[in-house]
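Thank you all for making time this morning.

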Amino acid sequence: YLNSIKTSIDKVLNALSESSGDTTSIRYRNICQTISRDLEVLHTISIYGPILKETNIVSSLKQINKLINDNSNNINTQTKQLINKWKEQVSLDSDESGLYLTNPGRLVHIHDDIDDIDKGKPYMISKELWKCLYNQYNRSQLFAIKYISDQINDSEDTRIALIQGPPGTGKTSTILGMISALLYSSLNHTISSSSRLLICTASNNAIDELVLRISRGIYNSFGAISQVNIVRIGELTSNTPSSIKHLYLHEMIDNQIKNEREYN
C-alpha cells in the first residue's frame, strides 16, 4: 500500500519537475492537490520504521519541499510534519525493547529469547507446560502464546492483540496453545474456579472447528492432555460435527430435562 502511494507521489514529482515552476498554471494546482491528497492519506496510517527505510519515501517528500517553494497550499507543512513523525518512528522501532509504537496500539517484534526454552518461558506458565508447547509450536506461534500469557496481566497493556497470518499457518492451533496458557496461567497446576474463556468467531464453522479441537483435550500445567468443560452457544446446523452436538447449550438442557424425567 505504501509503495503504491510512493509510486503516485513519484509520478506527480516528475510532472512537477516538468511544470517549470509555473505556480499559476492549472496543471500546477492540480499537481498540488494530488500531492496534498496523498500526504493526507500518509498522515492517517502507521508505518513500521524498516519499511520507511526500504521504500525511501522520505526522499520523495524532501523533493516535494524543494520543488514547491510556496506554502500557500500547506504542502510544505504537511511534508515536514510527516518527516519528523517518521524520524521518531524509526527511532522507536530501533529500540531493543521489541515493542513498536503504532497508533493506537503496538506492533510486537519477536524477541530472540523465544529460541531459548528457559529465557523464553512466560511468567505464569509452568516449566512442564512450556516445554510441551515449545516442542509443538514454531517460534512465531510460541511468541504469540507468550505475549498473550504475559500481557494479559499487564495493567498498562491494551489487553487486545491481533495475530495475523495467511491460511494454513497454524493460527487455530496457536489458539489452542493460548487456551492452555490462559487456563493454566498459574504455577499450582490447577484451573481456578474463576478461569473462564469466551471464544467468538465470525462463523459457525470456525467456532465448531475450535470446539472440536478443544474437546479432544488441551495441555495442562503438567504438559499432559486434559479435558475442560465446554459450552457451545448457538444453533445446530447441518454442518455441525455429530461429535460436538452434545456440547451445545440447548442440547445440554434437553438432555438434563430428559434425565430428570427418567429419574422421576
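Helices, by which I mean DSSP runs of H or I with at least four residues, and strands, which are runs of E with at least two, are numbered from the N terminus. Please keep in mind that this is a predicted model, in which local features need pLDDT of at least 70 and side-chain atom pairs count only at pLDDT 80 or more, while totals for chains, interfaces and linings use all residues. Residues are numbered from 1 along each chain as its sequence is written, and side-chain values use heavy atoms, with hydrogens and water left out.

Let me begin with the overall picture: the protein has 10 helices and four strands. Buried residues, meaning those under 20% relative accessible area with a 1.4 Å probe and protein chains only, where exposed means over 50% and partly exposed lies in between, make up 34% of the 264 residues.

Now look at Ser 60, which sits in helix H4, residues 57-67. Is Ser 60 buried or exposed? Ser 60 counts as buried, because its relative accessibility is 2%. Leaving aside residues up to four places away in sequence, Ser 60 is in contact, that is, has heavy atoms within 4.5 Å, with Lys 6, Ile 9, Asp 10 and Leu 13.

Next, consider how helix H6, residues 127-134, meets helix H7, residues 139-151: their axes are 10 Å apart and the angle is about 150 degrees. Here axes are lines fitted to C-alpha atoms, for helices over the stretch in contact, and angles run from 0 to 180 degrees between N-to-C directions. H6 is therefore roughly antiparallel to H7, since angles over 145 degrees count as roughly antiparallel, under 35 as roughly parallel, 65 to 115 as roughly perpendicular and the rest as oblique. The contact is formed by Trp 130, Leu 133 and Tyr 134 of H6 together with Leu 142, Ile 145 and Lys 146 of H7.

That brings us to the nonpolar core, a set of buried Ala, Val, Leu, Ile, Met, Phe, Trp, Tyr and Cys residues joined through side-chain atoms within 4.5 Å. The largest one has 28 residues, and those with the most contacts inside it include Trp 130, Leu 133 and Ile 145. H7 gives the largest share of this core, six residues. A second, separate core of 21 residues includes Ile 5, Ile 31, Ile 57 and Ile 64.
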